Each structure stands twice: as C-alpha cells, then as structure tokens.
Amino acid sequence: MNGELTWGWAIGCTLALLVQVTLLVLAAPFFAGLTEWVAARFEGRSVVAVSARWREIRHHGGRPCLRTPVGQAAGMACRAALVLGVLSCALVPVFSVSAPGFVAPGLFLVCCVLVAGMLLLDLPQTLQGGVAAWWGCAQLLADGLVLPVLAPVALLAGTTRSLPVFLAGVHGASPMLDGAPYVLAGFAVFMVVVLAPWGAEAELRMAGLSGPDRAIWMLASDCLSLCWVTLAGDLAWAGSLASPALGDGQDWLSGCALGVVLWIGKVLAAAVLLGLSRLVVLTARRRARVRLGVIFLFGLLAWQMTWAAAPQPVVLDEGSAAPAVEQPQSRQDQGAVNGELS
Amino acid sequence: MLICGLLLCLLGAGLLDVVPEEAFRHRGGAFLRWRGLVRGGLWAAIGCMALAGAVARVNGVLSWFPLFGVDGPALPMLSVLSIAGGIVGVGRRGLVCVLAALGLLALSPLVFCLLAGTALALLARSGGRGLCLPFAVLPACVPADSILSVPLLALSIVQTGHAVGEQKGPVAVVPAFVGIFLLGRLLAETGTVPFVQQALMLVCAGWVAWRSSMQALRAEQAWRVASGLTGAWYGGACMVLVLALACALDGADAFGATLRLAMGAPVVGLVGLLWLSVSMHGPQGEAVWQTAGSGTGRAWERWALWGTMLPVSAMPPLGGFTVLWSLLVASDYSVQGASPATALGMVVFAGFQIMMAVLCAAGLLRAGALMRGGCWINGGLPASLCAGMACLLSVVPGLWLSVADTLVVGDSAPGLSLGGLFTVRPAAGESTLVPALLLLALAAAAGLTILVARFAGVSLHNGAGHVVPPWRQGAPVYTPTPESAEQGRMAPVLPFSQAGAMLCGLHGGGRAWPLPRLSAMPVRVAVLSRYGRRWLFRAVAWSEGHGMVLLVLLLGAGLLMGLFFGA
C-alpha cells in the first residue's frame with residue numbers, strides 16, 4: 001500500500017482492531033493462569049490448570065453481589081477499569097500496526113490509559129477505610145507514579161508521531177544489533193508488570209469485592225497486564241509486527257498471521273520470565289520503590305542511547321510510514337552503542 | 001468602545017460589592033435577593049465582551065482615559081477571571097475580583113501595581129502577611145533590564161503561590177492570575193535571560209507546585225485541598241511560561257500553546273471545585289465513609305462534583321491530559337538538537353510535571369472523598385455551569401486556542417476550520433490530538449465491554465446488589481468516640497502523604513526530623529555537629545537498608561556519565 005488511506009484499508013484496519021480486542025480479552029486470563037502455573041512449577045507447589053482463572057471469573061460472575069455501603073463506588077470503578085482495559089486492548093498493536101493515515105494513538109496516550117486503568121483497580125481497596133486505605137493509598141501512589149517514570153520512554157517514542165508510525169520506523173532494526181535501545185525500553189515497560197503486586201497482595205486488593213464486581217475486577221486486571229506485556233514486546237521487537245506500508249493486501253494478511261504466531265511466542269516467553277520473577281521476594285514498599293527506580297533508569301538509558309546517536313530532528317513525510325532519516329542513523333547508532341559500552 | 005463597556009460593567013459590579021447591606025434595609029429586601037443575580041449577570045456580560053474582544057483581537061487604548069486599555073493577554077485572562085468573579089459571593093471577595101480585573105485592563109505598570117496590590121492586600125488574612133503580599137507586584141515597577149528584575153519575579157512567584165494556597169474559595173485564582181499576568185508581561189520584555197536566572201525562576205515555581213500539592217495531600221478540610229490544587233496548577237503554569245518566554249528552546253511555541261490550554265478547561269474546572277469546597281451545607285470533616293451510599297444529594301449535585309474534577313485531572317481525553325500531551329510535544333521539540341544538559345533537564349522537567357499531575361489526581365480523590373454526600377447552596381448550580389463549560393472547552397480545544405491566541409507572545413494559530421475546532425495543534429508541526437476521537441473510542445470500548453461481559457457471563461448493571469454491613473471477621477469495629485474526635489485524633493481521610501512517606505522509607509510520615517531550637521552560637525555549633533552525625537548515621541542506615549536500589553542507582557549514574565563524556 002502506498003499513498004493515502006483507501007476505504008478498503010480503513011475497513012481492514014477496523015476489522016483487525018476488532019480481532020485484536022477479542023484475541024487479547026480472551027487470552028488475558030489464560031496468560032494470568034499460565035504465569036501462575038509456571039511460578040507454581042518453579043516453586044514446587046501443586047499446580048492448577050491454566051484455564052482456572054477463566055473458570056474463576058465465570059464462577060464469580062454468577063454469584064450474588066454483596067456490597068458494603070461504599071461498594072457502589074467500588075463497583076463503578078471496576079466497570080470503568082474494564083472499559084479502559086478493553087480500550088487499551090484496541091490501542092496496543094498485537095500483530096500489525098495500523099495503516100498510515102488511520103487514527104492512531106501516541107505512546108503517551110496508551111500509557112495514560114493503562115495507568116488510569118490500574119489506578120481505578122486500586123480504588124476498591126482504598127474505599128474500605130482504615131488500614132486498607134493506607135495500603136490502598138500507597139498502592140495508588142506506586143501505580144500512579146509509573147506514569148512520570150515512563151516519561152523517558154515516551155520521549156524516546158516521540159510525542160510528535162503516533163505509535164504505529166514509530167513502530168514502523170524501527171521495523172527494520174533487529175533486536176540484537178541496532179535495536180538494542182528499544183529492547184531496553186521494552187524491558188522498562190515490562191518491569192511495570194514484573195514488579196506489580198502478586199499473590200497475597202493482589203488478593204488483598206480485591207478483598208472487599210464479591211460477585212460480578214470481583215469477576216470484572218479480575219478480568220480488567222488481566223487485560224491490563226497483558227496489554228503492558230504486549231506493549232513491551234512491541235517496543236522490544238517491532239519487526240514482528242506486520243506493516244501495511246510494506247506490501248499489498250496479500251502480504252499484509254500473511255504478515256498478520258506471522259505476527260499472531262510471534263505474539264504467542266512473546267507472550268509465552270513473558271509468562272516464563274514472570275514466573276521466574278516470582279522467586280524473588282521483596283516487601284511491598286521495597287518492591288514499589290525498585291519498580292519506579294528501575295523503570296526510570298532503564299528508560300533514561302534507552303532514551304540517551306537513541307538521543308546521542310540522532311540529535312538532529314527526524315523529518316517525517318506526511319503519509320509515509322518510515323521516517324526518512326532513521327535508516328542511515330542505524331549504523332551510527334550501532335557504532336555509538338558499541339563505543340559507549342566498551 | 002468595548003473597553004468602555006467593560007469598565008462600566010466592572011464599576012457596576014464593584015459598587016454592588018462595596019455598598020453595605022444596611023443601605024437597602026429600608027428600601028426593600030427584594031433588592032438584596034436580586035443582588036446576587038445582578039452581579040452574576042454583570043460578570044457574565046463582562047465575560048462575553050472579553051471573549052468577543054479576544055476573538056476580534058481588539059487592541060488599543062481608551063482615548064479619553066488613557067490609563068486603561070487592552071494589550072496582549074488581558075482579554076483572554078479577563079474572560080476566565082469573569083467566571084471566578086461571577087460565582088464568588090458579594091463583599092470583600094467580589095471587590096478583590098473587580099480590582100484584579102481592572103488591574104488586568106491597566107496599561108501603565110504603576111496603575112497595575114496599585115490595583116493589583118490593593119486586591120492582594122484585601123486577600124491577605126492576617127496582618128503580617130497583608131503587609132508583605134502587595135510587594136509581590138513590585139517587579140512591575142522595576143525596569144525590565146535591571147539586574148533585580150528576575151530575582152524579584154522569582155520572589156513574586158513564591159509569594160503569590162503562598163497566597164493561592166491560603167485562600168478560601170474561587171478567589172484563590174486571583175493571586176494566580178495576577179502572578180501569571182505579571183510574569184508574562186515582564187518575561188516578554190526581557191526576552192531570553194541568563195541560565196542562572198532561568199534556573200532560579202524554574203526552581204521557585206517548582207517549589208510552589210510541590211508545596212501546594214503537599215498541602216492538597218495533607219489537609220483535612222476540603223477548601224484547603226482545593227486551594228492546594230490551585231497552587232499546584234499555578235506552579236506548573238509558571239514553569240511552562242518561563243520555558244516559553246525566557247529560554248531559547250526549539251519548543252518555545254509549543255510551550256506557549258501548552259500555557260494557553262492550561263489557562264482554559266483546567267482553570268474553569270478548578271474554579272467550580274473551589275466554589276464547591278466552600279459552599280457545602282452538609283457534614284464536613286466527619287468520617288464520610290459511613291454515609292449511606294451516595295443517595296444524599298441529587299444527581300445534579302453529583303454531576304457538579306465529578307464534572308468539575310474530571311477536566312482538572314489528567315484523565316484522557318479531557319482538559320488536563322491535553323495540557324500534558326502538548327507539554328510532552330514541546331519537550332520533544334526542545335530535546336532535539338539541544339545540548340546534553342538541556343536535553344536531560346527537559347526529561348526531568350517532563351517527569352516532574354507528570355508527577356505533579358499524578359499527585360493532583362490523588363488530591364482530587366481526597367477532595368472528592370471529603371465532599372462526598374454533601375449538599376450545596378443553590379443545588380450546586382454554579383459548579384454545574386463550570387463543569388459544563390470546562391468539558392465543552394476540553395472537547396473543542398481548537399476554539400479556545402484561537403480565542404486565547406494573544407495570551408502568549410509567539411506564533412499565531414492558523415485560521416479556524418470545522419476540523420480545526422476539535423484539534424490541538426501545538427505548533428506548526430505534524431502532531432495533532434483530537435479529544436473528540438478519544439471520546440468516541442471510549443464509547444466504542446464501552447459497547448465492546450458490554451459484549452465481553454455478556455460472553456463472560458457477568459452482569460454489567462451496577463447497583464443490583466444486596467447492601468450488607470462490612471465483614472470484619474468478628475473483630476470489633478473501631479469507631480472514634482466524640483471526645484477523641486474533639487481532640488483531633490481522627491484517622492486522616494485518604495492518607496496519601498503519610499502513605500507516600502512510608503513508600504519512600506521515611507518513618508513517621510516525614511515529621512521524624514524536627515528542627516531544633518537553639519539559643520547561642522557555640523552551643524549551636526556543638527549541637528549541630530551532633531545532629532549532623534545523627535543524620536549521617538541515619539543516611540548510612542537507610543543506604544544499607546536500600547542496598548539494591550542504590551546499586552541500581554549507581555549503575556544508572558555511571559551510565560549517565562556516558563551522556564556527557566561519551567558521544
């Protein structure tokens with residue numbers, strides 16, 4: 001495809017978005033179940049099946065809803081978080097970037113939506129009052145401050161271009177060679193999920209909810225985690241995404257199929273990494289601090305590596321997917337990276 | 001002629017404020033009831049005239065009274081100030097708004113000093129502060145290229161910032177507007193200033209923002225929380241203004257667009273929130289959790305509360321998010337092609353502003369928790385109007401950008417088209433943001449969610465539940481007895497600052513290091529050395545406790561050296 005957006009491409013992109021949302025929402029509880037399974041196997045505990053999370057969600061969906069007097073607001077917050085979770089499933093590219101000219105968000109907007117969803121999920125614990133409010137407020141701060149520490153990653157992706165344009169620009173960069181800064185940025189985003197509360201802490205966050213509230217909370221939480229993981233995978237290896245600008249319809253469809261297979265591989269690898277990270281035990285406060293510090297430092301490092309190699313402004317043509325200046329920079333980038341690390 | 005009309009309306013509003021009630025007592029009580037409405041009508045007329053003047057780019061001096069005229073940022077700021085003036089009550093506060101509005105229209109710096117200084121003096125609540133505060137407008141009297149000008153400006157930022165945090169109600173935006181007007185005027189004259197002075201102004205504005213957000217996170221009264229939020233907004237706006245006018249950055253035009261956006265929807269929402277925090281009838285300061293659900297207060301009033309809070313918070317797609325987005329675009333433009341120190345400073349600045357936005361969102365949660373379930377005079381109608389206006393301005397930001405074009409010296413916005421109404425275009429570049437599209441995406445996501453919930457077998461209808469008492473597993477519930485409540489030992493509502501201190505490893509909520517009271521110099525030195533040793537030991541213990549984080553930090557610092565000594 002070259003030139004402007006035709007109706008065919010627009011409809012194709014919309015259909016791809018719908019497929020992507022369905023895929024992500026269906027796969028999210030499976031991802032959570034898989035992480036649990038891997039962690040249990042590494043720790044030597046008895047395992048439950050991977051589909052246990054979906055069954056739990058459906059079970060709670062059928063239970064009666066018991067609410068404390070503040071439960072009305074908590075229920076609203078859970079539903080709003082689910083809406084934001086579904087929206088972020090549509091915004092994060094899974095197997096293909098959208099065609100140039102199609103409406104697309106920037107990285108900062110996607111991060112904002114994800115963080116807002118996480119904040120809404122922390123509200124039910126805060127609304128309970130007493131000691132739970134202390135931990136809820138600490139969790140709200142720890143989740144909310146993820147957005148400022150992602151500022152270097154947002155500047156790396158560039159707020160002047162949308163996420164598909166940025167990803168198409170680094171399409172040719174291999175993760176092993178000149179795409180190393182982007183792997184670091186993907187790692188920084190992955191840390192949001194790795195150092196998120198798990199186990200007993202996560203149970204406490206939804207302790208006051210029951211019935212459909214609880215089911216919606218769990219589904220929203222799983223959707224948000226999977227979206228973070230997918231975003232991290234996209235940043236780290238943008239070459240796995242199909243790009244409409246690189247060919248015509250047939251090529252794009254086969255690229256999408258390949259993208260789905262690669263995405264499944266990335267998600268499996270992420271599940272194994274997450275299960276491994278459960279072996280590290282940190283107190284809640286320390287975990288929150290380490291999360292913020294690590295995301296900021298890795299993001300800053302990634303931003304500095306790309307900035308030092310390309311200090312002049314990147315010129316974008318209207319309607320083309322790949323920025324024109326980046327290709328000759330990639331060799332210099334590699335040279336600069338090797339020069340600094342040695 | 002427009003200026004004539006504005007002046008007459010302002011004088012009328014001022015007279016209505018100043019004339020005491022006894023003059024009407026024997027004339028008829030009916031006029032007292034209508035006084036509020038007449039005032040509101042006058043301020044609405046002022047607002048409309050200012051808007052019309054801003055759109056028509058009116059510029060000039062009143063020929064028969066050359067003290068007043070319109071130049072640059074006066075008209076857009078006046079249109080926003082008129083909202084605050086309209087909903088503030090009669091009396092001293094109304095007079096403050098009138099004086100501040102007259103000061104905005106003044107052409108000569110001395111007249112501005114006089115009017116704005118009187119307004120600030122009327123605002124100050126205690127004697128000592130009342131003496132110092134009017135000196136915040138002193139920089140207007142100092143010539144722009146004198147060496148004292150910028151340090152005095154920094155001092156005036158700090159003073160007006162403190163003043164904003166002290167005020168009760170919508171009149172809190174008046175010191176902020178005076179400060180921004182003064183800062184904008186003087187920086188437009190001085191142009192680019194040396195780096196030390198830039199850093200001084202940025203640090204002062206950042207200090208104002210930090211202190212105000214801490215006030216919002218700690219205070220137990222709703223009006224203090226709202227004033228703290230206003231102060232945090234003011235500090236952030238000052239930092240953006242300094243970067244737009246006083247630093248030679250590539251993104252200066254985009255910073256100007258950020259400031260124009262920041263003076264639009266978020267201010268209107270803040271004014272509504274400030275009004276709500278002082279006009280409550282209901283219980284205040286008690287444990288608001290125990291009020292039964294949200295049945296108290298009509299739906300109108302609930303919309304008033306949440307509707308004013310949404311544009312101020314950074315939730316996409318409304319007002320605050322647009323400001324943050326354009327700020328990041330401006331930082332992006334400034335980072336490309338700048339020196340390493342400037343680029344790093346830009347990254348830190350962007351992170352700081354987003355952190356302020358997140359802390360303000362936490363403050364908004366506290367304000368909502370403190371004001372939940374209350375009922376307001378007039379049924380919260382003024383706040384609903386503010387909320388409606390703020391949401392409208394968030395959805396059509398292009399309109400506001402073209403209206404407020406003269407607010408900051410810089411590139412003028414392109415002409416308005418139908419698509420341009422809904423678009424934010426910070427500078428002549430290729431990045432745009434359309435909040436209306438985000439709203440559509442949210443609506444589509446809501447529709448998809450209903451489908452998803454249907455598939456998962458979950459009912460999305462909220463409110464279909466039995467209300468049960470909280471389950472404590474048999475433990476007794478701690479209820480504060482009336483005696484302990486009088487002594488003030490209640491649990492803080494939404495303890496954000498204490499939880500934040502706990503997260504950072506400061507035990508005791510940050511009050512663990514009180515300053516000692518010393519009397520004589522040799523004793524002072526000896527005691528200071530003892531304290532110094534104690535602080536040193538504490539720092540070492542803290543470092544030991546946080547070894548992992550420090551390793552990571554040292555790694556990061558070493559790698560950052562590559563920024564300066566590497567490429």
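What share of residues 6-32 of chain A is helix, and how far apart are the end C-alpha atoms? In this predicted model, that span is 96% helix and 0% strand, with its end C-alpha atoms 39 Å apart. The span is one of those that the UniProt record, an unreviewed entry, lists for chain A under the feature "transmembrane region", the others being residues 76-96, 102-121, 133-159, 179-198, 219-240, 252-276 and 288-310.

Taken as a whole, chain A has a secondary structure of 14 helices and 1 strand, and of its 342 residues 61% are buried. Among the contacts in chain A with a separation of 6 or more, 82% are between residues 24 or more positions apart. Chain B, with 567 residues, of which 48% are buried, has a secondary structure of 24 helices and 3 strands. In chain B, residues 24 or more positions apart account for 76% of the contacts with a separation of 6 or more.

The two chains touch each other through 76 residues of chain A and 65 residues of chain B. On the chain A side of this contact, the element that gives the most is helix H13, residues 284-309, which supplies 13 residues. By class, the residues of chain A that touch chain B comprise 52 nonpolar, 16 polar and 8 charged.

Within chain B, a pair of helices deserves a separate look. Two packed helices are described by the angle between their axes and by the distance between those axes. For helix H4 (residues 74-87) and helix H5 (residues 92-105) of chain B, the axes come within 10 Å and cross at roughly 175°. Because angles over 145 degrees count as roughly antiparallel, H4(B) and H5(B) are therefore roughly antiparallel to each other. From H4(B) the contact draws on B:Ala74, B:Met77, B:Leu78, B:Leu81, B:Ala84 and B:Gly85, while H5(B) contributes B:Gly94, B:Cys97, B:Ala100, B:Ala101, B:Leu104 and B:Leu105. Sorted by class, the residues in the contact of H4(B) with H5(B) are 10 nonpolar and 2 polar, with no charged residues.

Key:
Residues numbered from 1 in each chain as written. Chains lettered and ligands numbered in written order. Predicted model: local features only at pLDDT ≥ 70, side-chain atom pairs only at ≥ 80, totals over all residues. UniProt positions renumbered as here; feature names shortened; annotations may be inferred. Helix = DSSP H or I, 4+ residues; strand = E, 2+ residues; numbered from the N terminus. Contact = placed C-beta atoms within 7 Å. Nonpolar A, V, L, I, M, F, W, Y, C, P; charged D, E, K, R; others polar. Axes fitted to C-alpha atoms, helices over the stretch in contact; angles between N-to-C directions. Parallel < 35°, antiparallel > 145°, perpendicular 65-115°, else oblique. Buried ≥ 20, exposed ≤ 12 C-beta atoms within 10 Å, placed from the backbone.
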